[in-house]
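Visitor: I would like to go through the strand pairing and the charged pairs of this chain, one at a time. Where shall we begin?

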Amino acid sequence: MKRLLSFFLCFGILLFWSSCRNDFEFSPSTGNLEFARDTIYLDTVFSNIGSSTYNLKVYNRSDDDIVIPTIRLENGENSLYRMNVDGSTGLQDEAQIGKFFEDVELLANDSLFIFIETTIDISSLGTLDNQFLYTDRILFDSGSKQQDIDVVTLVKDAIFIYPNKDDVTGIIETLTFDADGDGTPDETTLQGRFLADEELTFTNEKPYVIYGYAGVDTGKTLTMEAGARVHFHSESGIIVTNGGSLNINGSFSTDQETLENEVILEGDRLEPLFADVPGQWGTIWLFNGSENNSINYTTIKNATIGVLSEGNQDTTNDKLTITNTQIYNVSSFGILGRATSIKAENVVINNCGQSSFAGTLGGKYNFTHCTIANYWNSSFRQFPALLLNDFIVGENNTVLTNDLIEANFNNCIIYGNDNPEILLENQGNVFNYKFTNCLIQFDNDDLEGTGNYDFEDPLYYENNVFNINPDFKDPFENLMQIGDDSGANGQGSIDVITLFTQDILNTTRLNPADCGAYESIIFEED
């Protein structure tokens with residue numbers, strides 16, 4: 001009986017105390033909300049492609065619990081933005097979902113999040129321009145207590161290339177071509193389609209956005225004109241099949257910030273957060289049998305493999321000629337060659353998850369005035385900046401070898417944040433390589449002087465310098481110009497510069513020239 005009496009007594013006290021509380025009595029907002037920012041920039045989006053989700057933090061700095069009568073988009077149900085307020089999508093009226101919120105409670109000295117995103121069809125905006133600045137405002141309350149936050153998005157029109165999708169099964173089209181070299185078409189698992197004839201010239205009028213792999217078929221040539229911008233969705237790229245060709249015809253840009261005449265290949269995420277993220281898309285794949293491929297004044301960034309070139313090492317003309325080009329922020333290999341032939345001049349490669357250049361399973365390679373660097377710091381890196389071998393390990397650990405006909409590196413810088421930065425492995429009988437007038441990072445007493453690392457043998461090494469700071473401007477930011485204190489200064493062969501008189505920035509090379517793609521400069525102090 002005493003326990004029962006005690007329970008009712010405590011319950012009564014608790015009930016009385018609760019009825020006297022006013023902690024959860026909300027007062028109307030007084031127009032004194034504070035915000036983490038005064039404008040929400042959703043950065044740049046492509047037409048009809050959803051943006052990332054951005055957030056705004058709203059603060060109640062007062063000691064009173066308040067209720068915000070309304071939170072709404074100024075353009076109402078016609079707004080192209082959509083919001084979520086602390087997990088709520090707003091009114092259940094379909095037209096108002098994500099646009100209008102009523103009686104939003106906010107405790108004293110607390111905050112809430114507003115999440116906002118958009119998908120905009122630029123053709124619906126009544127503009128003939130290729131880009132349009134779309135704006136709206138988030139309005140808090142109304143009348144004299146109204147507060148507002150601007151929302152801004154730059155929308156770009158683009159040309160979209162994507163595989164077909166079956167309306168019934170949902171199956172996405174895949175590429176069919178002679179993948180194994182037996183002369184008959186093979187069905188592959190690569191989502192994509194071959195480009196139609198009218199799609200084989202990429203201009204600088206609008207950006208291109210590619211979903212899946214855009215294929216270049218036998219007898220066709222894909223041409224990219226100066227100033228073209230090509231964006232790839234995840235696991236997308238370009239594949240040039242047997243008898244096809246790729247010609248990327250960028251030209252020198254006087255403005256090194258905008259690179260107005262370069263061709264730029266990158267991912268389709270335009271937000272600054274993704275500007276330097278490796279592995280956002282696949283690769284430029286020059287399949288066995290493709291021919292006469294050329295890349296000039298091009299920036300390739302944020303891929304899984306920058307360029308993958310396979311086969312055709314014995315062709316009269318090199319399978320790939322790549323000049324005045326930068327490749328960086330690649331999650332695997334910058335350039336990966338497999339039994340192929342590549343000529344490279346004034347090429348800069350940096351920040352690759354494996355090797356910046358790998359010539360594997362033999363082949364034929366000639367690199368002149370190239371900067372093959374690797375300052376990858378996002379994870380463990382298994383391979384050095386430069387890898388050469390003449391074999392591949394197949395099933396049951398069987399080893400297949402192929403001749404390395406030649407691999408010549410003249411007036412190059414081969415350096416990085418690991419040591420050593422070259423790896424030369426052979427299991428076959430023909431393994432021809434030579435480094436001439438290069439700056440090389442190799443500081444390993446156990447390997448130096450042995451096997452492929454006899455730096456005194458003039459058949460393989462001539463006039464090189466080792467382990468002297470190249471004085472890059474900022475290799476971790478892909479600023480690969482060399483300073484006046486660089487170990488590469490004046491180390492270039494005089495014979496070579498008569499053929500390659502200008503560096504990647506169109507600067508005339510001095511005599512003797514500097515190693516690498518850049519002539520040295522005196523850095524301005526910050």
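Visitor: Which residue in S10 is the bridge partner of threonine 44?

Guide: The model is predicted. Strand S3 (residues 39-46) and strand S10 (residues 147-156) run parallel and are joined by six bridges. Threonine 44 falls in the S3 range, and its bridge partner in S10 is leucine 154.

Visitor: What is the phi of aspartate 141 in the turn between S9 and S10?

Guide: S9 and S10 form a hairpin, with six residues between the two strands. Aspartate 141 sits in that turn and its phi is positive, at about 65°.

Visitor: Which strands are at the edges of the open sheet of four strands?

Guide: The order in this sheet is S2-S4-S8-S6, with antiparallel pairing. An edge strand here pairs on one side only. That applies to strand S2 (34-35) and strand S6 (81-85).

Visitor: What is the bridge partner of asparagine 55 in S8?

Guide: Within the open sheet, S4 and S8 stand next to each other in the order. Seven bridges join strand S4 (residues 54-60) to strand S8 (residues 110-118), and the two run antiparallel. Asparagine 55 is in the S4 range, and its partner in S8 is phenylalanine 115.

Visitor: Which side chain makes a polar contact of 2.8 Å with glutamate 199?

Guide: Glutamate 199 lies in the loop between strand S13 (186-194) and strand S14 (201-202). Beyond its neighbours within four places in sequence, glutamate 199 is in contact with Ile161, Arg193 and Leu222. The polar contact of 2.8 Å is with the side chain of arginine 193.

Visitor: Is lysine 301 buried or exposed?

Guide: The side chain of lysine 301 forms a salt bridge with that of glutamate 266, at 3.8 Å from N to O. Lysine 301 is in strand S24 (residues 298-301) and glutamate 266 in strand S21 (residues 263-267), 35 residues apart. Glutamate 266 is buried, at 18% relative accessible area. Lysine 301 has 12% relative accessibility, so it counts as buried.

Visitor: What is the relative accessible area of arginine 338?

Guide: Arginine 338 and glutamate 310 meet in a salt bridge of 2.6 Å, N to O. Because arginine 338 lies in strand S27 (residues 335-352) and glutamate 310 in strand S25 (residues 307-310), the pair ties together parts that are 28 residues apart in sequence. Glutamate 310 is buried, with a value of 13%. Arginine 338 is partly exposed, with a relative accessible area of 35%.

Visitor: Which residues are linked with Arg137 in a network of salt bridges?

Guide: A search of the whole structure gives twelve salt bridges. The residues linked with Arg137 in the network are Glu74 and Asp148.

Note on methods:
Residues numbered from 1 in each chain as written. Predicted model: local features only at pLDDT ≥ 70, side-chain atom pairs only at ≥ 80, totals over all residues. Heavy atoms only, no water. Polar contact = N/O pair within 3.5 Å; in protein donor to acceptor, adjacent residues only side chain to side chain. Contact = heavy atoms within 4.5 Å. Salt bridge = Lys/Arg side-chain N within 4 Å of Asp/Glu carboxyl O. Buried < 20%, exposed > 50% of the residue type's maximum accessible area, 1.4 Å probe, protein only. Pairing = 2+ DSSP bridges.
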